[in-house]
Structures are given as C-alpha cells and as structure tokens.
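I wrote down each item as I looked it up.

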Amino acid sequence: MLLIPCPHCGERDESEFNYGGRVADFPELQADMSTWHRAIHLPDVNDPIVNEVWFHASGCECWIQVNRDIRTHEFQPIDKLDHS
Amino acid sequence: MRYSILTLATQALQKQQRWPQIIAPEKLKPHYDIIIVGAGGHGLATAYYLSHNHDINDVLVIDSSWIGGGNTARNTTIVRSDYLLPASFALKNFALQLWDSLSQALNFNLMYSPRGYLDLAHSDGELEHFMLRANAMCLGGASASILTNSQIAEKIPALNLDQQSRFPIRGALFQAEGGVVRHDAVAWGFARKSSEKGVHIQQNCAVNKLLTSNGRISGVSTHRGKISANSVLVAAAGGSERLMANAGVPLPMEPINVQAFVTEPIKPVLDHVVNYNAGLSYLSQSDKGELVMGGATDGYLSTARRGSFARLEDTMMRAAQIFPFISNLRLMRHWSGTADIPMDGNAIVGRTEIENLFVNCGWGYAGFKATPAVGWKLAELIADGKLPEMLKPFALSRFTDGALIDDAGIGPYPWLH
C-alpha cells in the first residue's frame, strides 16, 4: 500500500488517487515520427527514481507531482501542479 | 524414459528410488547454433519445437534462476482464446488447439482441464459486446456461445445472480475449451522432451550482456564465461528490457506489479473458470480445493515485487460479490511479480533490427495461455527464416509504424492496461 504525500492533504492512501504516469517531456508537434516514438514509447527505464503525477481524486482533486523509487516505493514530494 | 503405467509400476517396485532426472545434467559448450535467454514456458516451448518440428538440437536455453521459477509458475493457469482482435485471437486459439494434445505429445501430464470459461457481462451493452466477440470467435473457427442467467445458474449454482446487486450479471460469454493447465508442468514437460533431443538447459546462470560484433549478435556473456551463437532469442520477460537496451534495441515497455491469491482449500464449489468484469477478478478452483484468484495490475510502475493491498482488497471485494461465501475464507498464499507490459498492452514477438537477434517478451500478465503457439511459431521463424503470418502483427516495428494491437483500446500507456 502506498502512502502518497499530497502537498495539500498530507500522506494519503493510494486508493484515493488515480495514476497519471511519468511526467512526459513531449516534443514539438511538428517533430518527426522517430522523435515522437521515443517520447511516447521509450521511457527512460534505467533510472528507478520516477518523476510521476497522481490525481488526488478522493481528496483535494489536484494533480500532484512526486519522485518515487519504483524499487522501494519511497517518495520525495516535489510540487503541486495547478488546476489547469 | 517414457512415462507409462509400466514405468510407474516398475519404479514402485524399486521404491521410487530410480527415477531419472527430468533434464540431463548441465554442461555448457563454448558455442551453440541458437541460444535462448530465458527458460520460462515460452523459451522452453521454442526449444522443444525447434528440436521436434525442425530437428535443430544445437540449442542452449539459459536462465538466471531455475526452470518454472518465474512467471510460468506464477500465474492463475487459465487458458482461453476469447479475443476480439484477429491478431490476438489467432495466436491464442492456435495455442488452445495445441494444449488439447500437448500432454500426449510431451508424455507429461499437464492436467489440461477444459472446464469451460465464463466471462460475465454486467450490462446489456456489455452483453452486446460479448455477442460481437463470440461471433468473431466463431468466424475464426473457435466455439463460443452466449449464456443466459438460467444457463449460468445451471453451470455454477454458487454464483450470486441477484439482480439487485451493484453490478448484476446479465449473461456470459462461454468458451467450453477454456480452462486451466498445470503451469509448472508446462515448463518441466517442454524441458524434459527438449533435453531428450540434446537441447542443453542451463539453470542458475544469468546472462549479463548480449555480445555484439559488426552489427550482429555474436553470443552472450554470463558469469561462467562467454558463449557464442549463430542466433539469439531473448525471451526473458521483464529481464528482456535491459538486455535488449544494452544491445541497442530499446523496448517500448514498462514494469508493473501483478498479484494473485489462493484461499484455504474448501469442498468443490466451482468447476469452471469465471471472470468478473465490473473491475477485474478471475477465479477457478484448484484440484486441492483452493480458490485461485487474480485481478488487474497494481496500476503503477513498480519493480518492488510487493503487491499493493489496495488491489488485493479490490480483487477480493469483486470476488465476494459473485461468490458471497468467499468473505468467510482466509487467504492462504499471495504472490506478486513484475510484469513486462508494452505500450499497447500486447506482446512483442519476432525479429529486431539486428538480423540474428529475435525477441519474445512483453506478455505482461497474459502470456501463459499462448505458450505452445508462440514456441511453435518462433521455432518456425528461427528455423526457416520466414516470418509466420501469425507473428507479423506482433513485430517490434509496429510501434514505429503506428500499427498497434490495442486490445483494450487504451494504449500507449501500459498502466492503463
């Protein structure tokens, strides 16, 4: 069970959240296919610390950003994202 | 040794002391025609069909652990072919046909039990979709039918068909050939027969790296030294990604945790495989009487091999909706493992950019049922050098071509699978 550190609500149970996945750095819309392929399909799998977003659906209803070690589930909170 | 009632009697007279080892003692040569990295069901099946369909026996199957110690023996043993998209259906239905006679072919009891698979529908819309799927299956040559609630009640009296429940059951898609297969026997059966033909099976010897020279794969590097090969197949599930990336072939997949559970044994109550679809919870009863259950993935990136209680609770809750008595049972065992899930949720099988490097991975938590078909077709590819029609859609190149096989319609994010 993950205890996710929400910057608004404190540590909360994972069942209150929806997963948003890795924070993606998308290329320009006009970029070629291979650039988009790398951006969408080939995440950096070598770093076990993943920068990702969660939506606190049963809480503050905000997207939050965290760093998580996917080997141990240790969290390092970073920031809150605005509602937009 | 051929297993028969005669060998059984002879061994009994010898106090069961003289059974030969299932696979020949380990020995490593410096060179092989083909090296298969990963001695799971898929890797061993490929070795078996290489030796038996194509008479290629200079093969090494190598694994970091023991055979039948990975995902092959950590699944809920269900086999079925109720898929809508032609690519997924064709491969799994071919596998289902092979499961039927595999125990005889391997001379090893895989306990294939075609007890019937029921996929429950919880709304009229879902039932309509199941009719579409059943029709597609029938067109593909499989048998499928739609069951009404009274037919379901006849098959599974214990099922809760109360129409007042939150997700009432409105019918089911039924595949009679669907069922369960004893999973670890699959690994042992394939290993034994391959070994008889001279295939080497090396356990507890991790491949650290694929060796390349002049844009080709020249062999593998292990802690017991380098072994060269003419071709290499990587079939190492979650371990494939790192090996392939180091060889310059990054794979579009991510690691997600999947769990399964077993309750304490009870009297026979369920002689089918049932899948609850409002959410996901699939159940069958083992020969020992335990209920074997699985659910969806944990839903987020993880290599921790530690299951989330949220998913466990969720799967149990759904199981208890269809079988209320489950809430009185204790869970006896619970295991979880890392599934390698590609960006469209479907497997990556076939060629790579490197001519003599083949790949078979990304089966996530849906690979067991396809085991013999994948082995059969991959052996064909490696032996003849011609890509079988059935494998074409599963090419790694589909991600650059944009021809995804998106069964659930939710790619390219694996955690949505």
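Which residue's side chain meets that of Glu389(B) in a salt bridge? I found Lys392(B), with N to O at 2.8 Å. I count a salt bridge when a side-chain nitrogen of Lys or Arg is within 4 Å of a carboxyl oxygen of Asp or Glu. Glu389(B) is exposed at 62% relative accessibility, and Lys392(B) is partly exposed at 40%. For these words I used relative accessible area: buried is under 20%, exposed is over 50%, and partly exposed is in between (1.4 Å probe, protein chains only).

**Ground rules**

I am working on a predicted model, in which local features need pLDDT of at least 70 and side-chain atom pairs count only at pLDDT 80 or more, while totals for chains, interfaces and linings use all residues. Residues are numbered from 1 along each chain as its sequence is written, chains are lettered from A and ligands numbered from 1 in the order in which they are written, and side-chain values use heavy atoms, with hydrogens and water left out.

**Chain A**

I read one helix and six strands in chain A, in the order β-β-β-α-β-β-β along the sequence. Helices (H or I, at least four residues) and strands (E, at least two) are DSSP runs numbered from the N terminus. The C-alpha atoms fill a box of roughly 40 × 30 × 20 Å along the principal axes. Of the 84 residues in chain A, 32% are buried.

I then looked at contacts, meaning heavy atoms within 4.5 Å. Among those in chain A between residues at least 6 apart in sequence, 42% join residues at least 24 apart. The accessible surface of chain A is about 5000 Å², and carbon and sulfur atoms hold 48% of that. Accessible areas are from the Shrake-Rupley method with a 1.4 Å probe; for residues, only the protein chains shown count as cover.

**Where A meets B**

The size of an interface is often given as the accessible area lost when the parts come together. Here about 1900 Å² is buried between the chains, 64% of it from carbon and sulfur atoms. Buried area is the accessible area (1.4 Å probe) that two parts lose on being put together, summed over both.

I count one salt bridge between chain B and chain A. Arg22(A) pairs with Glu254(B), the closest N and O atoms being 2.3 Å apart. Both of these residues are also touched by Pro43(A), as is Met343(B), leaving out residues up to four places away in sequence. Pro43(A) is in the loop between helix H1 (33–41) and strand E4 (49–55) of chain A, and it is buried at 19%. Its C-alpha atom is 8.7 Å from that of Ala24(A), 19 residues apart along the chain.

**Salt bridges elsewhere**

The total over all chains is 22 salt bridges. In one of them, Asp55(B) meets Lys197(B) at 3.6 Å, N to O. Asp55(B) is in the loop between helix H2 (41–53) and E2, and Lys197(B) is in the loop between H6 and strand E8 (200–202), so the pair ties together parts of chain B that are 142 residues apart in sequence. Asp55(B) is exposed at 54%, while Lys197(B) is partly exposed at 34%.

Glu355(B) and Arg216(B) form another, with the closest N and O atoms 2.6 Å apart. This pair ties together parts of chain B that are 139 residues apart in sequence, because Glu355(B) is in the loop between strands E17 (348–351) and E18 (357–361) and Arg216(B) is in strand E10 (residues 216–222).

**Backbone and a buried lysine**

Most residues other than glycine have a negative phi. I noted Glu61(A), not a glycine, at a positive phi of about 55°, in the loop between E4 and strand E5 (63–69) of chain A. Thr77(B), also not a glycine, has a positive phi of about 60°. Thr77(B) is in the loop between strand E2 (59–62) and strand E3 (78–79) of chain B, and is buried at 15%.

Is Lys193(B) buried or exposed? I have Lys193(B) as buried, at 13% relative accessibility. Lys193(B) is in helix H6 (residues 183–196) of chain B, and among the residues it touches are Tyr48(B) and His52(B).
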